[in-house]
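Student: I have a new structure open and would like to talk through a few of its features with you. Could we go through it piece by piece?

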Amino acid sequence: MTTLTLKVVAADDTVPGIRTLTLADPDGAVLPSFTPGSHLVIECANGANAYSLTGETAAPREYVVSVLECPQGRGGSRWLHRELIVGDTVVAHPPRSAFAPVLRARRHLLIAAGIGITPMVSHLRSARRWGREVLLLYVFREGRGAYVDEIRSLTEAASFFTDRADFLDELAPTLADQPFGTHAYICGPSQFMDDVVATATRLGWPSSRIHVEHFGGELAPGDPFEVELSSSGDAFTVESGISLLETLAANGYAIPNLCRQGVCGECRVPVRSGAVVHRDLFLTDAERRDSMMACVSRGSGRVELDL
Ligand code: FES
C-alpha cells in the first residue's frame, strides 16, 4: 500500500489536551488533494490512528491534524502528544473520506462535540469556497474549544456552546426547523452521536440524510456469525465481542493488520457471498460489494470469504 513520509513542521498545544500538528513533504512537494471530511491515517507506536484533515483541501503543501490525548487509549495519541517533535517524520496513508458533503444537499447542518469539530473545519472551508448553505452547532468544554477563531473566520452561521443543557435546548428546534433537503453531519463521542441521531430520527429525519463520523470509538460487540473459507471449506463461528480478524488468527489464518479500527485498509478480505455489516471508514461503496475489513466489520448469518 502506498504511504507518505511527512515531516512535522509545527506543533501547537494552545488548547489543553489537543495537539495540532502541521505535516509537510520533507522536500516541500505538493501533497495529494482530499475531499472535505477526509482523514489521514498516521502510523503510531502501537498501530495506526485516523485524524481528520482540517487544512486546505486542494493541492495542499501541508496537512493539519488535531490529536486529542487519550490516556486510556493504545498509546498512539500519547506518542503524538509527548514524543513527536518538530523535525520528526511520520508515515501516513493517503487521505480517505467516508464523511464527504453531499453535493446535492440544500443545506449542510454540522453538529459537533469536542474533538469532533475537526472534520467540520474542512466542510466549512469547502462550503465557503463553493457558496453552500451551512449551519454549525459546536459544543465543547469551557476552555477546550478547538478552531473557534478559524470557524468564526469561515462562517457567521456557527453557534458555540459550553453548556450541554444549552446545546440540547437548541438541538431539537434546529433539527426541526431545517428546509427539506438538508443533510446533517454529526461527529463527537459515541453517546453524543447516538443522542443526536435519536433526536433527528424522532423528528422524522430519514437515515439517508444523517451522516456520522466514528473515530476509534467503542464498537458494539455485535451478534455471532458464521464464516466459511472457500479454498479449504473450513468454517468457524465469530463470537460476539470477538473480531473476524481475531477469529481467523486463532484458527491459523493470519491477516495483515495495522490500526484495528477500520481505517487503514490493511485487513481487507475478499467476500464471495453473504451479508456483511460494514463498520469501517475505509472501503468505498463499490469496494464493499466484494470485500470487508476483518478488524471491525461483521457478518449476518453466514459469510463466505475468498480465502
Ligand atoms: S487493521 Fe486497519 S482497517 Fe483493519
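Student: Let's begin with D280: does it count as buried, partly exposed or exposed?

Tutor: Keeping in mind that this is a predicted model, D280 counts as buried, because its relative accessibility is 5% and the cut-off for buried is under 20%.

Student: And which residue does D280 form a salt bridge with?

Tutor: D280 forms a salt bridge with R288, and the closest N and O atoms of the two are 3.2 Å apart. R288, for its part, is partly exposed, with a relative accessible area of 25%.

Student: How many salt bridges turn up in the whole structure?

Tutor: A search of the whole structure finds 12 salt bridges. One of them joins R129 and E56, with 2.7 Å between the closest N and O atoms, and this pair links distant parts of the chain, since R129 belongs to helix α2 (residues 118–130) while E56 sits in the loop between β4 (47–52) and β5, 73 residues apart.

Student: Are those two buried or exposed, or something in between?

Tutor: R129 is partly exposed at a relative accessible area of 42%, and E56 is also partly exposed, at 38%.

Student: What about R302, which residue does its side chain meet in a salt bridge?

Tutor: The side chain of R302 meets that of E228, at 2.8 Å from N to O. R302 counts as partly exposed at 43% relative accessibility, and E228 counts as partly exposed at 23%.

Student: Since those two are in strands, what sort of sheet do β12 and β16 belong to?

Tutor: They belong to an open sheet of 5 strands, in the order β13-β12-β16-β14-β15, and the pairing in that sheet is mixed. The edges are held by β13 (235–238) and β15 (291–293), each of which has a single partner strand, so one side of each is left without a neighbour in the sheet. From one strand to the next, the twist averages 40°.

Student: In what sense do β14 and β15 pair?

Tutor: Strand β14 (residues 268–277) pairs with β15 in the antiparallel sense, over 3 bridges. If you want a specific pair to look at, S291 in β15 is the bridge partner of P270.

Student: Switching to helices, how many residues does α4 have, and how far does it reach?

Tutor: Helix α4 (residues 164–176) has 13 residues and reaches 19 Å from its first C-alpha to its last, which is close to the 18 Å expected at 1.5 Å a residue.

Student: Which residues of α4 are buried, and what covers them?

Tutor: The buried residues of α4 are F167, L171, T174 and L175. What covers them includes the strands β7 (107–113), β8 (134–139) and β9 (158–161), together with helix α5 (190–202).

Student: Where is V64, and what is it in contact with?

Tutor: V64 is in strand β5 (residues 63–68) and is buried, with a relative accessible area of 16%. Leaving aside neighbours within four places in sequence, V64 is in contact with several residues, including T20, L21, T22, S52, L53 and Y147.

Student: Last one: which side chain does H93 make a polar contact with?

Tutor: The side chain of H93 is joined to that of E43 by a polar contact of 2.9 Å. H93 is found in strand β6 (residues 89–96) and is buried, with a relative accessible area of 3%.

Technical notes
Residues numbered from 1 in each chain as written. Predicted model: local features only at pLDDT ≥ 70, side-chain atom pairs only at ≥ 80, totals over all residues. Heavy atoms only, no water. Helix = DSSP H or I, 4+ residues; strand = E, 2+ residues; numbered from the N terminus. Expected span 1.5 Å × (residues − 1). Buried < 20%, exposed > 50% of the residue type's maximum accessible area, 1.4 Å probe, protein only. Contact = heavy atoms within 4.5 Å. Polar contact = N/O pair within 3.5 Å; in protein donor to acceptor, adjacent residues only side chain to side chain. Pairing = 2+ DSSP bridges. Axes fitted to C-alpha atoms, helices over the stretch in contact; angles between N-to-C directions. Salt bridge = Lys/Arg side-chain N within 4 Å of Asp/Glu carboxyl O.
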